[in-house]
Amino acid sequence: MIKKNFGEEGAKLTADSHDWALHRVGEISKELGIDCEYRILPGYNVSQYTKGTKEHADEIAELKEEIPICQKIGLDAKFVEDFKIKGWDGEPDQRDAAVFGRQATFHPTKYLNGVLKWLQKQPNFQCYTRSRVHTCSEKGLHVPIIDTHIGKKGVKVETVTGRTVMCNHAVQATVVPLQLLSIIAEMEYNRTYCIAIRIPKGTVEDALIYDNADKYKYVRMTQCDDKDDYMVVGGCDHAVGQEDEQQQRYKELETWTRERFTKAGSVDYKWSGQIFEPEDYMAFIGRNSGNDRIYIVTGDSGNGLTHGVLAGKLLTDLILGVDNPWAKIYDPKRKTSLLKELPSIVKHDLQVNAQYKRWAQNDIEDIASLPKGKGGVLNPTGKLPRAVYKDQDGKVSEFSALCPHMHGIVCWNDDEKSFDCPVHGSRFSKDGMAICGPTKGGLNAWNEEGKAKQEVMWEQAS
Ligand SMILES: Cc1cc2nc3c(=O)[nH]c(=O)nc-3n(C[C@H](O)[C@H](O)[C@H](O)COP(=O)(O)OP(=O)(O)OC[C@H]3O[C@@H](n4cnc5c(N)ncnc54)[C@H](O)[C@@H]3O)c2cc1C
Ligand code: FES
């Protein structure tokens with residue numbers, strides 16, 4: 001897919017940049033003495049079906065086709081007939097695999113804490129948490145046609161509490177940028193699920209495992225205690241706010257694991273996260289469209305750990321005016337590769353627009369029958385959707401259900417106890433606070449002013 005959209009040179013640059021990033025984490029953790037479980041290990045891509053079936057043969061044929069392309073762009077890839085993963089002692093018999101050398105794994109939180117400790121000892125480093133940014137704007141005027149800046153240069157960053165930071169350059173590493181459309185319309189927004197399940201030490205090979213299903217499952221290993229390791233098993237993605245049954249997804253991951261790895265023990269942790277899929281499968285890292293000094297990093301799909309590291313190099317080079325060959329593939333302003341995916345962008349837009357039909361939807365009957373610890377959208381008149389949450393003591397919080405980004409109607413996510421927007425994936429806590437962009441602010445209070453505003457919007461929309 002990357003070769004189709006970016007050509008062979010683009011695919012090679014992508015492979016080089018990821019290769020650089022995953023080795024850079026190793027170098028940094030070694031240099032700074034960070035114990036973050038960094039290991040170089042292989043990746044195995046296997047069929048989801050049993051060897052001997054037609055489905056297995058079809059998937060393996062697809063995997064085999066990719067190998068020469070991967071080798072040509074410099075990846076350490078080979079196909080191994082009859083390859084069996086150590087510890088995969090259950091069903092299906094997965095034999096055969098595309099084997100990728102020179103992969104790596106690490107514990108991102110341990111790594112980040114180590115880097116932060118080092119940064120705190122550096123002169124002029126300052127880190128402010130709990131400082132939500134509301135606006136990031138450039139001083140002067142940027143004229144995109146001639147790519148020229150008129151007036152004073154600099155960036156003004158404003159927080160929701162009214163604080164202002166003036167700087168020469170700003171990077172929005174906010175997982176998704178704070179903007180209305182542009183990049184926002186070029187991505188799909190998915191939730192993804194994970195479990196950490198115990199496995200006796202040494203019984204499963206320490207490797208990265210992916211099956212070849214359309215909605216694939218994957219496996220990583222991490223430390224647990226003297227007796228066991230954890231297998232982190234993930235997958236079961238779906239569009240944000242467009243499906244529920246989250247508990248069944250955790251169950252599906254657990255069943256998938258137990259069927260294949262019969263020594264698996266207890267599930268100690270389970271959680272979900274948000275994944276941003278660019279339509280052309282490439283992250284957006286570089287100058288924000290229409291800006292000269294504001295940079296963005298987004299569209300990580302399941303590769304944000306390597307993207308984050310390579311973004312550190314690429315954005316530093318862009319700011320310092322150093323040529324970097326990766327710049328063109330990750331350029332947020334690129335158009336060619338996105339045009340190649342036009343049919344799927346149109347399909348996605350239609351699907352996204354269909355989410356506005358929730359304007360007339362009622363998710364809960366009334367507040368009295370809403371169980372404690374649950375939320376939902378109440379809309380008895382069909383034009384004033386209200387997000388309602390009842391806490392464990394029975395106290396009710398009410399907000400406008402209109403997402404402040406572009407007025408999608410939020411949905412209750414019972415797993416995370418949040419309100420999620422099905423249009424572009426913004427998320428809000430049960431107290432209405434913004435927890436994931438592109439929204440810049442939280443849900444509006446459900447008061448007379450809020451209701452009046454919604455009445456006007458309803459009139460305009462209908
Ligand atoms: C289950 C799961 C498994 C994954 N597995 C892998 C993997 O194996 N390999 C891989 O490479 N990637 C993987 N990923 C993807 C990777 O974890 C993410 O892409 C990556 O963590 C994104 O990093 P980030 O720094 O861009 O965003 P985040 O880690 O989300 O950080 C963004 C930060 O910005 C802050 N923020 C947001 N808005 C504002 C604002 N307005 N003002 C101030 N601060 C703000 C947030 O509070 C947050 O601290 C996985 C993701 C999930 C969910
Ligand atoms: S995130 Fe765009 S409308 Fe909600």
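Is arginine 102 exposed, partly exposed or buried, judging by the other C-beta atoms within 10 Å? Arginine 102 is partly exposed, because 15 other C-beta atoms lie within 10 Å, and a residue counts as exposed at 12 or fewer and as buried at 20 or more. Keep in mind that you are looking at a predicted model. Below is a friendly tour of its backbone, its cores and one of its sheets.

**Backbone: positive phi angles**
- Arginine 102 is not a glycine, yet its phi is positive, at about 55 degrees.
- You can find arginine 102 in strand E3.
- Aspartate 82, another residue other than glycine, has a positive phi near 65 degrees.
- Aspartate 82 sits in the loop between E2 and E3.

**Backbone: cis peptide bonds**
- Glutamate 91 and proline 92 are joined by a cis peptide bond, with omega about -10 degrees.
- Proline 92 belongs to the loop between strand E2 (77-80) and strand E3 (97-105).
- Another cis peptide bond links glycine 437 to proline 438, and here omega is about 15 degrees.
- Look for proline 438 in the loop between strand E23 (434-436) and helix H9 (448-461).

- In soluble globular proteins, nonpolar side chains tend to be buried together.
- The largest nonpolar core here has 40 residues, and Ile285, Leu314 and Tyr330 have the most contacts inside it.
- Among the elements that give two or more residues to this core are helix H1 (2-32), strand E10 (187-200), strand E14 (267-278) and helix H5 (304-320).
- H1 provides the largest share of this core, six residues.
- Beyond its neighbours within four places in sequence, isoleucine 285 is in contact with Val297, His307, Ala311, Leu314, Leu315 and Tyr330.
- A second, separate core has 24 residues, including Val46, Val219, Met231 and Phe261.

- Strands of a sheet pair through backbone hydrogen bonds, either parallel or antiparallel.
- One open sheet has three strands in the order E17-E18-E19, and their pairing is antiparallel.
- Strand E17 (374-378) and strand E19 (396-400) are at the edges with a single partner strand each, so one side of each has no neighbour in the sheet.
- On average, neighbouring strands of this sheet are turned by 20 degrees against each other, direction ignored.
- Five bridges connect strand E18 (residues 386-390) with E19 in the antiparallel sense.
- Valine 388 has glutamate 398, in E19, as its bridge partner.

Notes:
Residues are numbered from 1 along each chain as its sequence is written. Chains are lettered from A and ligands numbered from 1 in the order in which they are written. This is a predicted model: local features need pLDDT of at least 70, side-chain atom pairs count only at pLDDT 80 or more; totals for chains, interfaces and linings use all residues. Helices (H or I, at least four residues) and strands (E, at least two) are DSSP runs, numbered from the N terminus. A nonpolar core is a set of buried Ala, Val, Leu, Ile, Met, Phe, Trp, Tyr and Cys residues joined through C-beta atoms within 7 Å. Two residues are in contact if their C-beta atoms, placed from the backbone, lie within 7 Å. Two strands pair if DSSP finds at least two bridges between them. Axes are lines fitted to C-alpha atoms, for helices over the stretch in contact, and angles run from 0 to 180 degrees between N-to-C directions.
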